[in-house]
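Please consider the following protein chain together with its three-dimensional model.

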Amino acid sequence: MSDATGKVNLLGLTQPQLERFFESIGEKRFRAGQVMKWIHHFGVDDFDAMSNIGKALREKLKASAEIRGPEIVSQDISSDGTRKWVVRVASGSCVETVYIPQNGRGTLCVSSQAGCSLDCSFCSTGKQGFNSDLTSAEIIGQVWIANKSFGTVPAKIDRAITNVVMMGMGEPLLNFDNVVAAMNIMMDDLGYGISKRKVTLSTSGVAPMIDKLGEVIDVSLALSLHAPNDALRNELVPINRKYPLAVVLDACKRYISRLGEKRVLTIEYTLLKDVNDQPEHAAQIVELLQDVPCKINLIPFNPFPHSGYERPSNNAIRRFQDLLHQAGHNVTVRTTRGDDIDAACGQLVGQVMDRTRRSERYIAVRELSETPTVMQRRQTNLN
């Protein structure tokens, strides 16, 4: 929990962890609640500003602890009100956080890793390769930064951030402990007091970790499906080769069954022109999800350079939605938000110090495939 300075960063500690910290320095456990409120309710990072804590304890805290969020590199605001922060984490990489205001809701999309190790074929984040897991302080720090930017505290009714989705950069279940700690702080009344229904973890389908998640927390769950059969999903979402659809959906059903309260799984499905947007794909989705309590969120593909994919036409999107509706599914089409600041779904890239060299290989392959051959250039010249 301590960094190179030897000080413990209190920002990423859950209430039980903070209580243990205070006990370790010879203080009462109730101090944890006082400090959590100062950090998360009021955005304080200076111990001297904590007016209900005695000077002796403040001095002790300054010697052994700190409150340090990620470094803000930039903040952009879209014409539609979407905001995007680029923050630098300890590894030196930059990750992105996006705030989306819509219909009285304010949804914050939070990153869990610098880059992503899964390499889904249509996601620009995956093409950046992978550098590191984020610490719990770097994950909750994104909420802390966004909350402070609005000047809001949980006591206000019109909180800017009403929902948090772990749908930013990275696969949350591959950074399990840090993500769970951060989500617990999000839901803690001494943290951000966000309802468990309004904190959502999105996974590409790490089946064993879905079961493990169900043992420790009851946040909402979203599955990045993107294909209705194993053959196509193996191409689009490579982790499917390890955990095929039947295995993943069984794990999701077990997780949802633990929650009760009529909670359902959210299915995320990115529509790719002529790849997974045909009527037969809709029919396969209906069959696949026939016994899965779910709602379906269709996401028109957001283009990025060299992706090799295109966005379907509006008519094709509506047709696909209608086919699912007619089969009795609750289906929404996600409105593209923040694309003018590259904040739309699938566009988050940050600046990843790639340890895998995937980004280097990806660019080389794409450039090669898009470079005309000698014969093609000769034919063009003749014409």
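Asparagine 103 counts as exposed, because its relative accessibility is 72%; exposed means over 50% relative accessible area, buried under 20%, and partly exposed in between, computed with a 1.4 Å probe on protein chains only. The residue lies in the loop between β5 (94-102) and β6 (105-109). Strands (E, at least two residues) and helices (H or I, at least four) are DSSP runs numbered from the N terminus. Although asparagine 103 is not a glycine, its phi is positive, at about 50 degrees. Most residues other than glycine have a negative phi. Histidine 226 also is not a glycine and has a positive phi, of about 70 degrees. Its place is the loop between β11 (220-224) and α7 (230-236). Is histidine 226 buried or exposed? Histidine 226 is buried, with a relative accessible area of 5%.

The model is predicted: local features need pLDDT of at least 70 and side-chain atom pairs count only at pLDDT 80 or more, whereas totals for chains, interfaces and linings use all residues. Residues are numbered from 1 along each chain as its sequence is written, and side-chain values use heavy atoms, with hydrogens and water left out.

The protein chain as a whole has 12 helices and 14 strands. Of its 383 residues, 52% count as buried. Contact means heavy atoms within 4.5 Å. Among contacts between residues at least 6 apart in sequence, 67% join residues at least 24 apart.

Ten of the strands form an open sheet with mixed pairing, in the order β3-β4-β5-β6-β9-β10-β11-β12-β13-β14. Two strands are taken to pair if DSSP finds at least two bridges between them. At the edges stand β3 (71-77) and β14 (331-333); each has a single partner strand, so one side of each is left without a neighbour in the sheet. On average, neighbouring strands of this sheet are turned by 20 degrees against each other, direction ignored. Axes are lines fitted to C-alpha atoms, for helices over the stretch in contact, and angles between N-to-C directions run from 0 to 180 degrees.

Within this sheet, β10 and β11 pair in the parallel sense over 4 bridges, and leucine 201 stands opposite leucine 221 in β11. Helix α5 (residues 176-187) lies across β9 (163-166) and β10, and runs at about 160 degrees to β10. Threonine 200 belongs to β10 (residues 199-203) and is buried, with a relative accessible area of 12%. Beyond its neighbours within four places in sequence, threonine 200 is in contact with residues including Val165, Met166, Leu221 and Ala222.

Strand β5 holds a residue named in a record. For "active site", an unreviewed UniProt entry lists Glu96 and Cys345; the positions follow the numbering used here, the feature names are shortened, and such annotations may be inferred rather than shown by experiment. Glutamate 96 is found in β5 and counts as buried at 4% relative accessibility. Threonine 97 is also in β5 and is buried, at 1% relative accessibility. Not counting residues up to four places away in sequence, threonine 97 touches Arg83, Lys84, Trp85, Leu108, Cys109 and Gln142. Which contact joins the side chains of threonine 97 and glutamine 142? They are joined by a polar contact of 2.6 Å, the term denoting a pair of N or O atoms within 3.5 Å, where within protein one must be able to donate a hydrogen and the other to accept it, and residues adjacent in sequence count only if both atoms are side-chain atoms.
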